[in-house]
Amino acid sequence: MTSNELNYSPIETLCLALVFSIQKLKHYFQAHVVLLVSRENPIKFVMSKFVLSDRLARWYLQFQQFEIVYIPEKAIKGQVLADFLADHPILDDWELTDELPDEDAMVIEVQPPWKMYFDGAAHRGRASASVVFVSSQGEVLPYSFTLMQLCSNNVAEYQALIFGLEMAV
């Protein structure tokens, strides 16, 4: 877009996009009815002007060459549900029932979560990481690791977290 085109209003930008589409996809516009789904109707905008500038007049002439049908964006959103129901009709012998065939399938047991504590430390060329798991029944499972590479306290902490997550998985 040129610097002048960057100053266009949103509806003029939409018109410009339609003009670019017509120029690039002219063979499709000639062969088919084009459905333009948008919030605003750019063709109505151009036609509603009392005085057409050169730019708007050129756009109007380009729009009139093709069969472009404007469809409001809200109409398409509402049509999705109607299309789904039309594609998936309910059978005539289908009955609505309150009974569930598998009531056990609807029961979900929620287990208390496990807890994970981790810590890492680095001191004088050595680094270590510790992970402690506490199960839902209160069992404590401690693990500790020696890190082979020299690292900072923060990196040792991150390594402890990574070890703990890998073990949990």
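**View 1. Phe20 in helix 1 of the predicted model.** Phe20 is part of helix 1, which spans residues 10-24. The model shown here is predicted. Phe20 counts as partly exposed because its relative accessibility is 37%, between the limits of 20% for buried and 50% for exposed. Together with Met1 and Leu6, Phe20 makes a nonpolar surface patch of about 340 Å².

**View 2. The aromatic pair of Tyr8 and Trp59.** Four aromatic pairs are counted in the model. Tyr8 and Trp59 form an edge-to-face pair, with 6.0 Å centre to centre and 80 degrees between the planes. An angle over 60 degrees counts as edge-to-face. Tyr8 sits in the segment before helix 1, while Trp59 belongs to helix 4 (residues 54-64), so the pair ties together parts that are 51 residues apart in sequence. Tyr8 is buried, at a relative accessible area of 18%. Trp59 is also buried, and its relative accessible area is 4%.

**View 3. The aromatic pair of Phe145 and Phe163.** The rings of Phe145 and Phe163 form a tilted pair, 4.7 Å centre to centre and with 35 degrees between the planes. Phe145 is in strand 5 (residues 140-147) and Phe163 in helix 6 (residues 153-168); the pair links distant parts of the chain, 18 residues apart. Phe145 has a relative accessible area of 26% and is partly exposed. Phe163 counts as partly exposed at 23% relative accessibility.

Technical notes: Residues numbered from 1 in each chain as written. Predicted model: local features only at pLDDT ≥ 70, side-chain atom pairs only at ≥ 80, totals over all residues. Heavy atoms only, no water. Patch = residues over 30% accessible without salt bridge, like charges linked within 9 Å, V, L, I, M, F, W, Y side chains within 5 Å. Areas by Shrake-Rupley, 256 points an atom, 1.4 Å probe, with all protein chains shown as cover. Salt bridge = Lys/Arg side-chain N within 4 Å of Asp/Glu carboxyl O. Helix = DSSP H or I, 4+ residues; strand = E, 2+ residues; numbered from the N terminus. Buried < 20%, exposed > 50% of the residue type's maximum accessible area, 1.4 Å probe, protein only. Phe/Tyr/Trp six-rings, centres within 6.5 Å; stacked < 30°, edge-to-face > 60°.
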